[in-house]
Amino acid sequence: MNFEIKFSPKAIEQLENLPLKVQKQYRKAFQLIATEGPTYRSLRTHRYRQKKGEIWGSAASMALRFYWEYAGKQTIVVIGIDSH
């Protein structure tokens with residue numbers, strides 16, 4: 001099941017401000033989530049419940065995480081990037 005990956009303006013800005021080596025790690029994780037889906041084991045995806053709904057966090061490496069939400073059945077919107 002392939003997913004379409006979109007990025008919030010905040011996530012784009014955060015990604016662009018990272019070193020190229022780190023950007024590459026995130027891009028690899030985005031490719032995995034798009035082709036294999038959020039349940040792919042190495043992404044270590046977790047659900048976080050908030051008052052406004054659910055967001056999800058996945059790992060680009062042991063120290064790098066990104067947060068996203070579903071925007072339809074086949075669309076994921078990356079809303080933030082953070083270190084673990």
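**Serine first, then strands**

Mentor: S58 counts as buried because its relative accessibility is 0% (buried means under 20% relative accessible area, exposed over 50%, partly exposed in between, with a 1.4 Å probe and protein chains only). This is a predicted model, where local features need pLDDT of at least 70, side-chain atom pairs count only at pLDDT 80 or more, and totals for chains, interfaces and linings use all residues. Residues are numbered from 1 along each chain as its sequence is written, and side-chain values use heavy atoms, with hydrogens and water left out.

Trainee: Where is S58 found?

Mentor: In strand β3, residues 53-59. Strands (E, at least two residues) are DSSP runs, numbered from the N terminus.

Trainee: Which side chains does S58 join in a polar contact?

Mentor: T45 at 2.7 Å and W68 at 2.9 Å. A polar contact is a pair of N or O atoms within 3.5 Å; within protein, one must be able to donate a hydrogen and the other to accept it, and residues adjacent in sequence count only if both atoms are side-chain atoms.

Trainee: OK, switching to strands. How many bridges join β4 to β5?

Mentor: Seven, with β4 (residues 64-70) and β5 running antiparallel. Two strands pair if DSSP finds at least two bridges between them. L64 has S83 in β5 as its bridge partner.

Trainee: And in which sense do β1 and β5 pair, parallel or antiparallel?

Mentor: Parallel, over four bridges between β1 (residues 4-7) and β5 (residues 75-83). I5 stands opposite I76 there.
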